[in-house]
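Subject: Structure for your files

Hello,

Here is the structure I said I would pass on. My notes on the strands and on one helix pair follow below.

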Amino acid sequence: MADQRAELTWRDGQIPVSDRFDDPYFSLQNGLEETWHVFLAGNDLPARFAPGFRIAELGFGTGLNMLTVWSAWEKSGQTTPLTFTSFEAYPMVRDDMSRALAAFPELAPWAERFLATWQGGICDLDTLRLEVIEGDARQALPAWQGLADAWFLDGFSPAKNPELWGADLMQQVFDHTAKDGTAATYTAAGFVRRGLEDAGFAVTRAPGFGRKRHMTRAAKS
């Protein structure tokens, strides 16, 4: 279990920036729209939602991706729990999460329910079963027994946090992806695409969000 916590600087009073990686936790333009564009649309969600659906993520951060997809899950009429597993080396304390998520009032009903019970680890909230596995994903993911139908690859920039984008870790992502599963990420870095392809994914480049020209989508047949 990691004993390190995220150290932050706040930009414009509401956007958290990692001191360790000198990278913002979400888009400076619109973090919520980016999550929808990259991680939901990039994995063909909510169209693929079905009872028992499983999502895994590299980089929990503020919880923005989880809250966005959880809200979409409920709005789509799903009543069984969405399983969401995230790997996070430097977890953010709850007060910092609350401050960051205040920038997205659209998610307030879900953020309030989450933050009211969140103490790290496992969180069960009727239509959500969340587990955040703390520690280095390079060690934690190989030990994980689960599979994901969709992956959100949301580590800090590959240029600043290359450890979370290496070929060995991309192989673990593939190995922990269910048949017909998918993965999506905001980056189109060549070594990330090659790592996903070498792992066994069919990889495509798609239009990125905002100033990012391209993003990456991957599929396992």
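W10 has P16 of strand β2 standing opposite. A second pair of this kind is L8 and S18, the latter being the bridge partner of L8 in β2. Please keep in mind that this is a predicted model.

Strand β1 covers residues 8-11 and strand β2 covers residues 15-18; the two run antiparallel and are joined by four bridges. Together β1 and β2 form a hairpin, with three residues between them. In that turn, D12 has a positive phi of about 55 degrees.

Now the helices. Helix α2 (residues 64-75) packs with helix α4 (residues 108-117) at an angle of about 115 degrees, and their axes are 9 Å apart. Because angles of 65 to 115 degrees count as roughly perpendicular, α2 is roughly perpendicular to α4. The crossing of the two helices is right-handed.

Which residues of α2 and α4 make the contact? From α2 they are M66, L67, W70, S71, E74 and K75. From α4 they are W110, A111, R113 and F114. By type, the residues of this contact divide into six nonpolar, three charged and one polar.

That is what I have on these two regions.

Regards

Notes:
Residues are numbered from 1 along each chain as its sequence is written. This is a predicted model: local features need pLDDT of at least 70, side-chain atom pairs count only at pLDDT 80 or more; totals for chains, interfaces and linings use all residues. Side-chain values use heavy atoms; hydrogens and water are left out. Axes are lines fitted to C-alpha atoms, for helices over the stretch in contact, and angles run from 0 to 180 degrees between N-to-C directions. Angles under 35 degrees count as roughly parallel, over 145 as roughly antiparallel, 65 to 115 as roughly perpendicular and the rest as oblique. A crossing is left-handed if the near helix is turned anticlockwise from the far one by less than a right angle, and right-handed if clockwise. Contact means heavy atoms within 4.5 Å. Ala, Val, Leu, Ile, Met, Phe, Trp, Tyr, Cys and Pro count as nonpolar, Asp, Glu, Lys and Arg as charged, and the others, Gly among them, as polar. Two strands pair if DSSP finds at least two bridges between them.
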